[in-house]
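Try each task before you read its solution.

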Amino acid sequence: MLVSYSSSEKDGEADSEAAATATNNRSSPGRRREEKEDDSLPASKKLKTEEEAPKSRLPLPGCLLTMFPDEVDPQTDDSSLHGGRIRSFKHERGNWATYVYFPYRPEEEFDELLEELLAAAANRGVALTLQKEFHLSLSQTVVLRHHWIQPFTQSLRAGLAACRRFVCCAWRLRVYCNAEKTRTFLGMEVSTGHAQLLDLVRVVDKTMTEFHLETFYKDPSFHVSLAWCVGDQTLKMKEFILELQSFVDDHDDGAFMLRLDCAELRCRTGNKTFRFPLET
């Protein structure tokens with residue numbers, strides 16, 4: 001079917017298009033100049049200009065580049081930087097390794113005994129590394145999110161409010177290995193104060209359960225770790241553990257007794273340490 005238009009309709013449409021074009025040209029003279037200049041450039045020069053555009057951006061300052069580090073620092077998982085130790089869990093930003101413990105401050109007599117124990121182990125082919133600091137653990141090492149730290153420590157403080165200080169002693173050497181079989185420890189097992197330590201573990205476990213974290217071992221062997229070596233050396237160290245024990249039993253004409261004053265429980269999470277003094 002043919003559709004016919006009157007001459008007046010055609011003229012009106014033409015006038016409208018012309019008016020719109022004129023309006024656009026008047027409203028954006030810069031645009032007309034840009035289009036004219038762009039059209040005047042050779043194709044090769046246009047391509048070169050487009051390729052150079054991204055390179056003209058200024059580089060970011062170094063301080064901005066380091067403001068938001070990667071989730072994982074490769075060096076934190078490099079075992080060569082930690083004496084061959086391997087992490088039990090992946091290090092991630094916002095995750096804080098956390099554990100509860102009693103600190104032990106060694107005496108001069110204790111340092112002398114450690115030198116004897118390390119020398120005797122070395123003669124048996126086991127190179128032990130001294131602990132940087134000594135403590136008695138009342139929890140496993142768990143992963144705590146940063147925003148949990150305050151309510152977690154508040155829960156611990158409330159649970160420990162009625163707990164009283166006491167003294168525990170240790171003298172018998174034992175060999176321990178972690179669950180991953182990546183490190184073996186020489187420790188000194190607690191012989192007195194076991195019942196009081198179990199009471200404290202129940203308090204700590206209650207807080208762990210509140211935050212859906214792993215509780216302590218069901219039948220714990222409370223001890224102070226003295227030294228460690230890489231890998232599972234349990235069988236080899238048990239072969240000469242009695243020899244090492246003789247250094248403890250006959251130290252300076254009498255048995256050495258490690259005495260730990262359980263007066264202040266601590267919680268270490270990342271680089272923060274929280275202290276919980278017990279009642280006298």
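**Exercise 1: a pocket**

The second largest pocket holds about 170 Å³ of space, a volume being the space filled by probe spheres set on grid points joined across faces, edges and corners. On a 1 Å grid over the protein atoms alone, a pocket is an open set of points where a 1.4 Å probe fits, with protein on both sides within 12 Å along at least five of seven lines; lining residues have an atom within 4 Å of a point. This is a predicted model: local features need pLDDT of at least 70 and side-chain atom pairs pLDDT 80 or more, while totals for chains, interfaces and linings use all residues. Residues are numbered from 1 along each chain, and side-chain values use heavy atoms, without hydrogens and water.

Task: find which strand gives the most to the lining of the second largest pocket.

Solution. Start with the lining, which includes Y104, R259, L260 and D261. Strands (DSSP runs of E, at least two residues, numbered from the N terminus) come next: strand 1 (95-104), strand 8 (258-262) and strand 9 (264-269) each supply at least two lining residues. Strand 8 gives the most, with three.

**Exercise 2: a ring pair**

Task: classify the pair F102 and F166.

Solution. Rings pair if their centres lie within 6.5 Å; planes under 30 degrees apart are stacked, over 60 edge-to-face, the rest tilted. Here the centres are 6.1 Å apart and the planes at 90 degrees, so the pair is edge-to-face. F102 lies in strand 1 and F166 in strand 5, so the pair ties together parts 64 residues apart in sequence.

Key: Helices (H or I, at least four residues) and strands (E, at least two) are DSSP runs, numbered from the N terminus. Rings of Phe, Tyr and Trp (its six-membered ring) pair if their centres lie within 6.5 Å; planes under 30 degrees apart count as stacked, over 60 as edge-to-face and the rest as tilted.
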